[in-house]
Amino acid sequence: MMASDVDIILENTRVTAPRLVPEIQLHLADEDRALYRAGEDELDSLGLGTPYWAFAWAGGQALARYILDNPKVVAGRRVLDFGAGSGLVAIAAAKSNAFDITAADIDPVAAQAMSLNRTINDVWFEIEMEDVVGTAGDWEVLLVGDVCYDKEMADRMLPWLREMHRKGRSVLFGDPGRFYLNGMGLEPLASYHAETTGIMEDSDLRNARVWRFAD
């Protein structure tokens with residue numbers, strides 16, 4: 001019998017708090033779990049793609065920290081956590097009294113991980129597995145953590161987010177300043193040292209920032 005996505009998550013992660021956001025518990029891969037160092041063949045054998053949901057990325061940690069420290073950014077507002085992964089940013093929004101939260105990620109295993117993570121944090125948000133890029137939605141705040149990791153993704157996503165900004169939506173990015181954000185007309189709001197894993201990032205300690213469109 002093949003293991004379910006939930007079984008895979010539970011067997012390959014442990015519940016821990018990212019260093020920058022100790023208020024939040026997540027199912028994360030660590031050095032004691034095979035998933036931490038799994039290559040493509042191992043992931044294929046589990047029926048998984050790259051398990052972005054199993055790591056607390058630097059930009060997501062920074063964005064969650066910013067929201068927890070500045071709850072008025074989301075309080076009472078409709079919020080989208082785009083490319084949600086573990087659901088870290090959505091959980092921070094829920095703890096900061098956002099009115100209505102949607103966490104969007106097209107990876108079905110990420111959706112299961114988010115469901116587990118919202119339960120252990122005693123919060124609620126909707127989980128959306130459809131691709132929302134290009135849709136209008138009724139979100140007042142769009143939170144975007146660590147999704148500019150390649151050119152194809154950035155080229156597809158950023159024009160939509162800029163259009164949302166022009167329509168009066170608040171768009172916040174959490175990112176350590178990857179190359180694909182350069183020249184996109186962003187300005188930093190806050191900067192943090194976010195501990196991550198060198199397996200998935202190129203440094204164990206990333207200088208992550210929260211950004212917004214400058215105009």
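A nonpolar core is here a set of buried Ala, Val, Leu, Ile, Met, Phe, Trp, Tyr and Cys residues joined through side-chain atoms within 4.5 Å. In this predicted model, the largest such core has 38 residues, and the members that touch the most others are Val74, Val79, Ile101, Phe125 and Leu143. A separate core of 21 residues lies apart from it, with Val132, Trp160, Phe173 and Leu186 among its members.

Leucine 143 shows how the largest core is connected. Beyond its neighbours within four places in sequence, leucine 143 is in contact with Leu63, Ile67, Val74, Val79, Leu80, Asp81, Phe82, Val89, Ala93 and Leu172. Two of these partners, Val74 and Val79, are also named among the core residues that touch the most other members.

The next topic is aspartate 146. This residue sits in the loop between β6 (141–145) and α6 (151–166). Aspartate 146 counts as buried because its relative accessibility is 9%, and the cut-off for buried is under 20%. A polar atom of the aspartate 146 side chain lies 2.5 Å from the backbone nitrogen of glycine 60.

The open space of the model comes next. The largest pocket holds about 600 Å³. Its lining comprises 32 residues, of which Gly83, Ala84, Gly85, Asp105 and Val147 are the closest to the pocket centre. Two or more lining residues come from each of β3 (78–82), α4 (88–95) and α6. Sorted by class, the lining consists of 17 nonpolar, 8 polar and 7 charged residues.

Most residues other than glycine have a negative phi. Asparagine 97, which is not a glycine, has a positive phi of about 70 degrees. Asparagine 97 belongs to the loop between α4 and β4 (100–104). With a relative accessible area of 57%, asparagine 97 is exposed, since the cut-off for exposed is over 50%.

Aspartate 122 is the other case: its phi is also positive, at about 55 degrees, although the residue is not a glycine. Aspartate 122 lies in the loop that runs between α5 (108–120) and β5 (126–128). Its relative accessibility is 72%, so aspartate 122 counts as exposed. Aspartate 146, by contrast, is buried at 9%.

Conventions:
Residues numbered from 1 in each chain as written. Predicted model: local features only at pLDDT ≥ 70, side-chain atom pairs only at ≥ 80, totals over all residues. Heavy atoms only, no water. Helix = DSSP H or I, 4+ residues; strand = E, 2+ residues; numbered from the N terminus. Buried < 20%, exposed > 50% of the residue type's maximum accessible area, 1.4 Å probe, protein only. Polar contact = N/O pair within 3.5 Å; in protein donor to acceptor, adjacent residues only side chain to side chain. 1 Å grid on protein atoms, 1.4 Å probe; cavity = no way out; pocket = protein on both sides within 12 Å on 5 of 7 lines; lining within 4 Å. Points joined across faces, edges and corners; volume = space filled by probe spheres on them. Nonpolar A, V, L, I, M, F, W, Y, C, P; charged D, E, K, R; others polar. Contact = heavy atoms within 4.5 Å.
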